[in-house]
Each structure stands twice: as C-alpha cells, then as structure tokens.
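Please keep the sequence and the 3D view at hand while working through the numbered paragraphs.

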Amino acid sequence: MTASPDPSSGSFADGVHRCAFRVYFEDTDAGGIVYHANYLRWYERARTEMLRLLGVALGQALDDATGTYVVAHLDMKFAGPARLDDVVTVESRVADVQKASVRLHQVAKVQDRVINEAQIRLGFVGPDGRPRRQPEDWLAAFASLAPREEG
C-alpha cells in the first residue's frame with residue numbers, strides 16, 4: 001500500500017508565498033475562460049497554505065475558540081484571462097499588520113503574466129464575530145514578512 005501524496009502548500013521565497021493551481025474544466029465558463037469567482041477560491045486557498053507554513057493552526061484556533069480570519073475588505077482587478085490547463089501561480093505578500101488585522105496583496109499569474117490582483121484585509125474575530133487581537137505568535141509571523149519602514 002502506498003501513502004497518498006500530501007497536497008502542496010506552496011513555498012516562501014524572499015518573503016513571498018507562492019502556490020500553484022491548474023485550471024480545470026470546472027473552473028471555466030462556456031468559453032473556456034476562468035470564471036471570475038474562482039480567483040477568490042484560489043486566493044483563499046493560497047492564504048490558507050501560507051498560514052499553514054507560518055505555523056498558524058486555523059483548525060486548532062476554531063476548536064479552542066481562539067478565533068479566525070474573515071475577509072473585511074477586498075479590491076480585485078482583472079488584467080487578463082486564465083484558460084483551461086493553464087497553471088496559475090498565486091503570490092501572496094503581507095502588506096501591513098495591525099493588532100486585529102492583516103492586509104495582503106495577492107497576485108495571480110500565468111507564467112510571468114499578471115492576470116488578476118487583489119488587495120485583501122483580513123480581520124481577526126472571536127467566536128462571537130467581534131474583532132479580537134491576533135495571537136502574539138501569529139502577529140510575529142506576519143510581521144516577519146511585512147515590509148520594513150525605512151527611517
């Protein structure tokens with residue numbers, strides 16, 4: 001019996017998380033172009049994998065009522081299509097870290113061509129849905145990836 005392969009969590013290089021997804025038929029519209037809502041799914045998956053690599057245990061945080069992240073703001077720009085069988089790479093960068101939120105810049109590329117980009121603010125909320133300070137180790141993990149202000 002062989003073990004099932006683990007799904008890819010992507011990787012970090014120079015503070016940028018990269019995660020790749022293949023475009024399947026189910027991702028496309030009748031014209032063979034990726035349906036717009038799928039970019040949101042890929043961004044969500046890439047963020048989840050980035051958090052996993054940072055040691056942020058979202059499942060455990062839900063189980064022990066620490067809290068979770070919700071999308072508080074999203075600004076998305078479409079720059080070109082992805083098509084059936086393309087490999088889309090999502091690059092995620094931490095843009096800003098606050099006590100109860102983190103702002104990310106996510107870019108979807110086919111090869112080196114930008115096809116979509118989004119600015120996303122994630123708010124950290126408790127089980128009651130109210131904003132809550134992020135755990136200290138999570139704040140530190142995000143801060144390690146945030147751009148440094150030059151003084």
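1. Salt bridges. The model is a predicted one, and it holds 8 salt bridges. As a general principle, side chains of opposite charge can pair when their charged atoms come close. One of the salt bridges joins Glu91 to Arg18, with the closest N and O atoms 3.3 Å apart. Because Glu91 belongs to strand β4 and Arg18 to strand β2, this pair ties together parts that are 73 residues apart in sequence. The two partners may also be described by their accessibility. Glu91 has a relative accessible area of 6% and is therefore buried, the limit being under 20%. Arg18, with a relative accessible area of 29%, is partly exposed.

2. Which other residue forms a salt bridge with Glu91? The partner is Lys109, and here the closest N and O atoms are 3.4 Å apart. Lys109 lies in strand β5 while Glu91 lies in strand β4, so this pair ties together parts that are 18 residues apart in sequence. Both Glu91 and Lys109 are buried. A network of salt bridges links Arg18, Glu91, Arg93 and Lys109.

3. A salt bridge between partly exposed residues. The side chains of Arg133 and Glu136 also meet in a salt bridge, at 2.7 Å from N to O. Arg133 counts as partly exposed because its relative accessibility is 42%. Glu136 is likewise partly exposed, with a relative accessible area of 48%.

4. The nonpolar core. How many residues make up the largest nonpolar core? The core has 32 residues, and those with the most contacts inside it are Tyr69 and Val88. Two or more residues each come from β2 (16–22), α1 (37–54), β4 (87–97), β5 (101–110), β6 (113–125) and α3 (136–145). The largest contribution is that of α1, which gives 6 residues. When residues up to four places away in sequence are not counted, Val88 touches Cys19, Ala20, Phe21, Val23, Trp42, Ala82, Ala108, Lys109, Val110 and Ile115. The student may wish to locate Val88 in the 3D view and trace these contacts.

5. Aromatic pairs. The structure holds 7 aromatic pairs. One of them is formed by Tyr39 and Trp42, whose arrangement is edge-to-face, with 5.5 Å from centre to centre and 80° between the planes. Both residues lie in helix α1, 3 residues apart, which is about one turn of the helix. Tyr39 and Trp42 are both buried. The pair of Phe124 and Trp138 is edge-to-face because the planes of the rings stand at 90°, with their centres 5.7 Å apart. Phe124 lies in strand β6 and Trp138 in helix α3, so this pair ties together parts that are 14 residues apart in sequence. Phe124 and Trp138 are buried.

6. A buried loop residue. Asp27 is found in the loop between β2 and α1. Is Asp27 buried or exposed? Its relative accessibility is 2%, so Asp27 counts as buried. Leaving aside residues up to four places away in sequence, Asp27 touches Arg22, Ile33, Val34, Tyr35, Asn38, Arg41 and Trp42.

7. A nonpolar patch on the surface. Leu40, Val71 and Leu74 form a nonpolar patch on the surface, and together they have about 230 Å² of accessible area. Val71 is a residue of strand β3 (residues 68–78). Val71 counts as partly exposed because its relative accessibility is 46%.

8. Most residues other than glycine have a negative phi. Where is Ala65 placed? Ala65 lies in the loop between α2 (58–63) and β3. Its phi is near 65°, a positive value in a residue other than glycine. With a relative accessibility of 39%, Ala65 counts as partly exposed. Gln111, in the loop between β5 and β6, has a phi near 55°, which is also positive in a residue other than glycine. Gln111 counts as exposed because its relative accessibility is 71%.

Note on methods: Residues are numbered from 1 along each chain as its sequence is written. This is a predicted model: local features need pLDDT of at least 70, side-chain atom pairs count only at pLDDT 80 or more; totals for chains, interfaces and linings use all residues. Side-chain values use heavy atoms; hydrogens and water are left out. A nonpolar core is a set of buried Ala, Val, Leu, Ile, Met, Phe, Trp, Tyr and Cys residues joined through side-chain atoms within 4.5 Å. Buried means under 20% relative accessible area, exposed over 50%, partly exposed in between (1.4 Å probe, protein chains only). Helices (H or I, at least four residues) and strands (E, at least two) are DSSP runs, numbered from the N terminus. Contact means heavy atoms within 4.5 Å. Patches are made of residues with over 30% relative accessible area and no salt bridge: like charges are joined within 9 Å, nonpolar side chains (Val, Leu, Ile, Met, Phe, Trp, Tyr) within 5 Å. Accessible areas come from the Shrake-Rupley method with a 1.4 Å probe; for residues, only the protein chains shown count as cover. A salt bridge is a side-chain nitrogen of Lys or Arg within 4 Å of a carboxyl oxygen of Asp or Glu. Rings of Phe, Tyr and Trp (its six-membered ring) pair if their centres lie within 6.5 Å; planes under 30 degrees apart count as stacked, over 60 as edge-to-face and the rest as tilted.
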